[in-house]
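Hello,

I am handing over the structure we talked about. Please have a look at it first; my notes follow below.

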Amino acid sequence: MQKRRFGRTGWEISEIGYGMWGLAGWTGSDRKETDDSLDLAVESGVNFFDTAWGYGEGLSERILGELIKRNPDKKIYAATKIPPKNRQWPSRPEFALKDVFPADYIIEYTEKSLQNLGLEQIDLLQFHVWEDAWAQEDEWKEAIQKLSKEGKVGAWGISINRWEPDNALKTLETGLIDAVQVIYNIFDQAPEDNLFPLCRKLDIGVIARVPFDEGTLTGTLTKETTFPADDWRSTYFVPENLNASVDHAEALRADIPAGMTMAELALRFILNNPDVHTTIPGMRRLANVRANVAVSDGAALDATVANRMKAHRWDRQPTKWSQ
């Protein structure tokens with residue numbers, strides 16, 4: 001497993017991390033298989049795990065806490081997120097900070113996450129939604145500085161709203177944010193325009209989430225694919241999105257190198273960018289862990305293939321179903 005320096009934190013983290021959203025909100029999770037997959041990931045060198053209170057109202061955090069307890073001899077970086085108080089994902093420009101992240105609420109949910117994780121300090125605590133209009137408001141700044149001073153949080157981050165990679169730039173300039181988590185994949189290349197250059201300048205850690213575009217870039221979806229009503233993807237892959245997503249995936253097939261799967265290409269595209277420090281695929285099954293960690297072999301994507309990926313950029317705008 002290759003490691004990368006996570007911005008100014010100085011942490012050496014695995015370039016393949018583990019996204020834990022799939023443990024809640026997606027159907028098909030089996031707890032034993034999940035635990036086995038988490039254990040295999042640790043054995044394979046994965047040391048960065050990303051969760052959130054919002055994933056099962058603390059369940060995913062507790063699962064991570066148990067994993068950390070099972071591995072007392074290994075440093076596992078725990079990243080989690082504070083849910084918006086109004087429970088609206090994503091945030092919207094008209095939302096006021098006092099309704100989403102008031103100071104007492106930030107402190108309250110830091111304590112909840114610490115309890116769920118069984119830790120004295122959270123390595124990386126992220127705001128699960130954000131609006132750059134809040135950049136100069138004092139309330140969040142005072143709360144996070146208090147928690148940092150108390151030693152309860154090691155570093156602070158922002159999980160940037162889907163398809164809004166520029167919606168944190170002013171906040172990063174405050175110097176109080178150490179990391180960003182943003183959707184970045186073969187389709188979603190917009191973070192390269194403004195976000196990544198600023199992160200490079202400010203030495204901010206970058207987490208690339210949704211490497212497979214919620215499954216589209218595994219190449220397994222068809223226009224007939226359906227999901228159970230209680231699966232989050234049933235509201236995301238509405239016909240408008242499913243049909244377009246499958247079309248874009250099919251257009252990509254011609255540019256997949258021989259002997260490589262679409263999923264492998266998706267991960268290699270991300271790791272080919274030195275501005276990214278880790279990517280966090282969901283890995284609920286042992287086979288997925290093995291396949292994903294195998295991509296971390298230090299081999300660069302062929303320059304010709306990498307250049308062809310630019311043609312697959314797909315700029316999208318947030319919609320009612322894109323949360």
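**Charges and overall shape**

The chain carries 38 positive and 49 negative charges, and their mean positions are 1 Å apart. Please keep in mind that this is a predicted model.

Now the fold as a whole. The chain has 12 helices and 10 strands. Its radius of gyration is 19 Å, close to the 20 Å that the globule rule gives for 323 residues, so the chain is as compact as a globular protein of that length. The C-alpha trace spans about 55 × 45 × 40 Å along its principal axes.

Contacts and surface come next. Take the contacts between residues at least 6 apart in sequence: 77% of these join residues at least 24 apart. Of the 323 residues, 56% count as buried. The chain exposes about 13,500 Å². Carbon and sulfur atoms supply 49% of that area.

**Single residues to look at**

Start with D178. It sits in the loop between α6 (169–172) and β8 (179–183). Is D178 buried or exposed? Its relative accessible area is 15%; the cut-off for buried is under 20%, so D178 counts as buried. Leaving out residues up to four places away in sequence, D178 touches R8, T9, A155, W156, I204 and G205.

Next, the peptide bond between W89 and P90. It is cis, with omega at about -10°. P90 belongs to the loop between β5 (77–82) and α3 (97–100).

Then go to the loop between β9 (205–209) and α8 (233–236), where V210 is placed. E214 also has its place in the loop between β9 and α8. Please check the backbone at both positions:

- V210 is not a glycine, yet its phi is positive, about 55°. This residue is buried, with a relative accessible area of 13%.
- E214 is not a glycine either, and its phi is positive too, at about 60°. Its relative accessible area is 7%, which makes E214 buried as well.

**Where to begin**

Which residues does D178 touch, beyond those up to four places away in sequence? Display R8, T9, A155, W156, I204 and G205 around it. After that, turn to the cis bond joining W89 and P90. Finish with the positive phi values of V210 and E214.

Best wishes

Note on methods: Residues numbered from 1 in each chain as written. Predicted model: local features only at pLDDT ≥ 70, side-chain atom pairs only at ≥ 80, totals over all residues. Heavy atoms only, no water. Helix = DSSP H or I, 4+ residues; strand = E, 2+ residues; numbered from the N terminus. Rg over C-alpha atoms; globule rule 2.2 N^0.38 Å. Buried < 20%, exposed > 50% of the residue type's maximum accessible area, 1.4 Å probe, protein only. Contact = heavy atoms within 4.5 Å. Areas by Shrake-Rupley, 256 points an atom, 1.4 Å probe, with all protein chains shown as cover. Lys, Arg positive; Asp, Glu negative; His and termini not counted. Charge placed at Lys NZ, Arg CZ, Asp CG, Glu CD.
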